[in-house]
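Please read these notes with the model open beside you. They go point by point.

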Amino acid sequence: MQVIWQEELNYRALDQWTREIPIVAKRGKITDRNGVVLADNEAAYTVFARSNAIKDKESASALLADALDLDANWVYEKLTKKKASEVTLAKRLVKEKVEALSVLSLDGVYYSRDNVRVYPKGDALCQVLGFTSVDNVGTTGVEKYYEEYLAGKNGELLYETDLVGVEIEGSVATYLPAEDGYNIELTVDYGIQEIVESALEKVIATSSPASAECIVLDINSFEILALANYPCYDLNSVPRNDAETLNKQSRNTVVCDIYEPGSTFKIITSAANLEEYARGNPNAYSPNYVFSSSRTRAVDGTTVKCWSNHANGKHSNQTLAEALNNSCNPCFTDMALALGSEKFYEYLSAFGFGRKTGIDYGGEAYGLLLPQKAVRDCDLARIGFGQTIAVSGLQLACATASAVNGGYYYTPRLVKRIYADDGYVLKETKPVLKNRTVSVETSRTLAKMLEGVVRDGSGKRAFLEGYGICGKTGDILTTCVNLVKNLIKIHT
Ligand SMILES: [Zn+2]
């Protein structure tokens, strides 16, 4: 038996002779791009007992209960449990408690140091950061997505014990050090995040919406500079016992939920039309073409209407730039129908609709896009102005950025660097180009038109002298205006 089963028996014996006390690895920090700490650790202690090593269980129970504010009967039950050789008596204790306990120097009582997650900024960026379980494992958000880097590897302190778990006098303890987790540096700029969050607070105070969200994306790299959702919660007191509230407050709606974008989607229709015009497609409209002033279009036996009643004469004789200024629905219906579903869908696909952007965040939404083969003209007519299609806030932000940045569609990112405490950089992310959407020239033409929307059109209230601001209104214009102005203030 010794010869054939040597390895297995040796392993079993080792397991019986030694007892481990875990040494918890330090979880990596999460900071913003400028080093502002958003997730950190605080020391906390766990107390174990090995009942076999405790002679007088009754008096030990009383002493432990007193020192740890526990019920003596509960402790006694734990210590006398037949099956467990080792029991955990208390977790997340402050140092003072453990020091008070160590003065008693009770046999068979041990403690280990843990790290408890703390979030110095409370509810800031809560859906992005996510939280950890009571055992310090990432459960949502960046904490979950980057768990393998943040977690590190626990170490161990091994003691030789006798058969019943009593430490052998004079035995040598073996120490296997813990490997600390890597730190994560986000692409987020906390200064911008604060502005965004206070803007959302104002929106909520004035308009009491069911929810509100905002994303700020660097259009030249697709780095996410700020991302906020309302309602939110304090990461230091996660509502773990109320699943419904927790789900509502911890959901990153910008990334994971979809909505019908409406007028903001007209940017995409314009981009497709302009690019096709530049390529010589005879069905595309020239930037100088004057669209019919009629308020309605009859498509497939249904009527597509403009949101405006066209009574004030503003929506008559419009070029594409003017149609964008006025956000006139039927002009975009004309463009989508003229391109046809096959061509228009090529652009929807290039702009990332109906598929994940590939952001480094779990549970991303695909959006809703009717299959091209099933799309009828009356659907296509409405997709042209952002109805009969559903997108995530992130998808729309990326598509819009690509429409005005020269036609480059990158993979959006939340994490910039993964690095160790000693400065060693494990990973550094660079912009990854996924595909082109439109040409540089088309993108420039479109950007000029969208500047017009802010200078002369429906986005006037976001105009700021001396800055080139592209914009397109949807139903939520008012709420965006002050935000844009504040963002510009902080960057000058
Ligand atoms: Zn109109």
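1. Which residues in H11 meet which residues in H16? Ile267, Ser270, Ala271, Leu274, Glu275 and Ala278 in H11 meet Glu441, Thr442, Thr445, Leu446, Met449 and Leu450 in H16; two residues are in contact if their C-beta atoms, placed from the backbone, lie within 7 Å. By class, this contact of H11 with H16 has seven nonpolar, three polar and two charged residues. Here Ala, Val, Leu, Ile, Met, Phe, Trp, Tyr, Cys and Pro count as nonpolar, Asp, Glu, Lys and Arg as charged, and the others, Gly among them, as polar.

2. A word on the basis. This is a predicted model, in which local features need pLDDT of at least 70, side-chain atom pairs count only at pLDDT 80 or more, and totals for chains, interfaces and linings use all residues. Residues are numbered from 1 along each chain as its sequence is written.

3. The axes of H11 (residues 266–278) and H16 (residues 440–455) come within 9 Å and cross at roughly 135°. That makes H11 oblique to H16 (angles under 35 degrees count as roughly parallel, over 145 as roughly antiparallel, 65 to 115 as roughly perpendicular and the rest as oblique). Axes are lines fitted to C-alpha atoms, for helices over the stretch in contact, and angles run from 0 to 180 degrees between N-to-C directions. Helices (H or I, at least four residues) and strands (E, at least two) are DSSP runs, numbered from the N terminus.

4. H11 also packs with H15 (residues 393–404), at an angle of about 40° and with the axes 10 Å apart. The two helices are therefore oblique to each other. Ile267, Ile268 and Ala271 in H11 meet Ala399, Thr400 and Ala403 in H15. That contact divides into five nonpolar, one polar and no charged residues.

5. Two backbone details deserve a look. Tyrosine 230 and proline 231 are joined by a cis peptide bond, with omega about 0°; proline 231 lies in the loop between strand E10 (224–230) and helix H9 (243–250). Serine 327 is not a glycine, yet has a positive phi of about 55°. Serine 327 sits in the loop between helix H12 (320–326) and helix H13 (329–350).

6. The domain assignment, automatic or from a database, gives domain 1 (47–120) and domain 2 (190–415 + 432–490). Their C-alpha centres lie 58 Å apart.

7. On confidence, the chain averages a pLDDT of 89, and 93% of the residues score at least 70; pLDDT is the predictor's confidence in each residue, from 0 to 100. Over residues 477–481 pLDDT stays under 50, and the model has five contacts beyond four places in sequence for them.
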